[in-house]
Amino acid sequence: MGRKLLLEHINVPGINTYDVYRSKGGYTAVEKAMKTLTPEEIVEEVKKSGLRGRGGAGFPTGMKWSFLAKPEGVARYLVCNADESEPGTFKDRYLMTYIPHLLIEGMIVASFALGANTSYIYVRGEMMPQIRILERAIAEAKNAGFLGKNILGTGYDLELYVQPGGGAYICGEETALLESLEGKRGNPRIKPPFPAIAGLYGCPTVVNNVESIAAVVPIINDGGDEYAKLGIGRSTGTKLISAGGNLKKPGVYEIDLGLPVEEFLYSDEYCGGIANGKRLKAVVAGGSSVPILPANLFMKTINNEPRLMSYESLADGGFVSGTMMGSGGFIAYDEDQCIVRNTWNFARFYSHESCGQCSPCREGTGWMEKVLHRLENGHGKMSDMDLLVDVSKKIEGNTICPLGDAAAWPVASAIRHFRDEFEWHVTNAATAVRRNYGIAHYADPLIIAEKAG
Amino acid sequence: MLKVEHTHEPVEFSEALVGLIADKIIRYPEGKQKSALLPVMHDVQAEFGWLSVPAMDKVAEYLKIEPIEVYEVASFYTMYFLRPQGKFVLEVCRTSPCCLVGAEKIMDHLEQKLGVKEGEVTADGLFSWRGVECLAACGFGPVLQIGPEYTFYENLTNESVDQLISDLTAKANN
Ligand SMILES: Cc1cc2nc3c(=O)[nH]c(=O)nc-3n(C[C@H](O)[C@H](O)[C@H](O)COP(=O)(O)O)c2cc1C
Ligand code: SF4
Ligand code: FES
């Protein structure tokens, strides 16, 4: 069983309160950081840990912190990205609901390391219950002297605020988030300048995901080297995976990076296999934006090596036969699920969520949605698949922010791997509409073999 | 279906609401009070159920910004209602992971049970419903939320939806 760094105490009754959290060793990372380490040493520990941003892009957190500009007399900000809107992802909500002090503790350590005296947690507005939970936790931490003026007598001041969003997936993109936090529409900014130079109110800013900030706590408690011992290669530490779809046991799991996907999917410790005795057809491994893979390619790479839950192994094969870790939003599709319908649903999502600034994204996502809608509803043409690929290529790389790519990849990968299912929707329109699911021959060959044996 | 009018009735902000606004403004550096816009609009919507033009104009006054800065933001985000809604707005996640576990059937059931289409208000003014995008609860789908508290209901079935509707109806009639 993997070590739990973030969720170790998740089942302790009352762990959401300061007293219980503290009794389980909570806030020792703040004490250690402020009393025995300099801000530079904290950044060094995070660098040594190899922690990579858990929000989706996987950029090394310590490196991001070391890029933060520090001009004299200018405020610096830490903003936590708790927008969590990527379909398939629900780990941050879980963490904030059940162990809010872990995030608060991480925010204090990280703010201290970055020299921020005001920090914000930007939470999607739909998570009002979590906002209230966090505000209560902040009040408790302040009461205990871990927030406010002159924390632990070090002379360091920190105010921490929770900011609600207004319901817009795009505000998870870090520059759109900053715009939103400034009280504007969530239109991503053109980069450069990057937030590390000019972020919130034009000041140097670090934006980090909830899980990245929480991981700072065990990194400071145990040391960066200890953290880096977990995991595999450049995928160090543990990762929260939100597992949903047709699974026996959907939920949030903390895994050591490098866990074989087969174990994650089928062992009782994790997802427990596919629900209702069905077979696995496809997997979206890291949230709706990453390429979808048919079961066989997901379980084993094209070189027939068992695939692992790590940044590198999931990406093995690139866009031809691999996918990405993304935000860890793991979605399992059983043999009865229709890939065309799923692709249409995601395309509608991106079309709905495009901020509309760049024409390739605004128009392209709308076209893809329309074409997929007609395919799904029995009015598709054989030429539609090439049309979709063409549109997706024209979006990819031609937009201000990565939402365009995020909309293009799921469509392109679905057609790459499931083209005959799309064609089947054209040639068997009536059946496809009535039955409303696809062709099952993609289902997991490993399980077929087991059944036969 | 109840006909709901887009009104321009003047609004008064209660003392409590004004207090909430003041508490938001102090969270940002001087001169950056516009940052309070999203949180303040949530507070105003919680009080009135939606954001009328006079209400948005008042928000602009309190934050010392132009009314257009409020309108453009209110219309960008999905959580702000620019016209009156049912007392309870049932928002069901309609994104793929929830559809894998039956979200579409739940929406069909809601439409039947309430007798109104997506976005419409029931004759008694109590309910409206709509599909919304992923609510970050995909492992517990189908899910729905109800503002302004954004109470969450997970693993929905037709039966639990019926129960919820009768509970809310009872609550409203008490
Ligand atoms: C369209 C879009 C949506 C995003 N949504 C989120 C999100 O909900 N949460 C998040 O942490 N990062 C999200 N990101 C990534 C952020 O831009 C940013 O990379 C991340 O917050 C950095 O934190 P990390 O380095 O700790 O991962 C999104 C990016 C894009 C392009
Ligand atoms: S890519 Fe799409 S979401 Fe991103 S800035 Fe352009 S239009 Fe907006
Ligand atoms: S897809 Fe419904 S909560 Fe994520």
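The shell around ligand 2 has 8 nonpolar, 5 polar and no charged residues. Here Ala, Val, Leu, Ile, Met, Phe, Trp, Tyr, Cys and Pro count as nonpolar, Asp, Glu, Lys and Arg as charged, and the others, Gly among them, as polar. This is a predicted model: local features need pLDDT of at least 70, side-chain atom pairs count only at pLDDT 80 or more, and totals for chains, interfaces and linings use all residues. Residues are numbered from 1 along each chain as its sequence is written, chains are lettered from A and ligands numbered from 1 in the order in which they are written, and side-chain values use heavy atoms, with hydrogens and water left out.

**Ligand 2**
- In total, 13 residues surround ligand 2, each with a heavy atom within 4 Å of it.
- The closest are Cys355(A), Cys358(A), Cys361(A), Thr399(A) and Cys401(A).

**Chain B overall**
- Chain B has 7 helices and 4 strands (DSSP runs: helices are H or I, at least four residues; strands are E, at least two; both are numbered from the N terminus).
- From the N terminus, their order is α-α-α-α-β-α-α-β-β-β-α.
- Of the 174 residues in chain B, 53% are buried (under 20% relative accessible area; exposed is over 50%, partly exposed in between; 1.4 Å probe, protein chains only).

**Helix H6(B)**
- Ala103(B), Ile106(B), Met107(B), His109(B), Leu110(B) and Leu114(B) are buried in H6(B).
- They lie on the same side of H6(B), because they cover an arc of only 160° around the axis (taken from the directions from the helix axis to the C-beta atoms).
- Lys105(B), Asp108(B) and Gln112(B) are exposed, on the face turned away from the buried side of H6(B).
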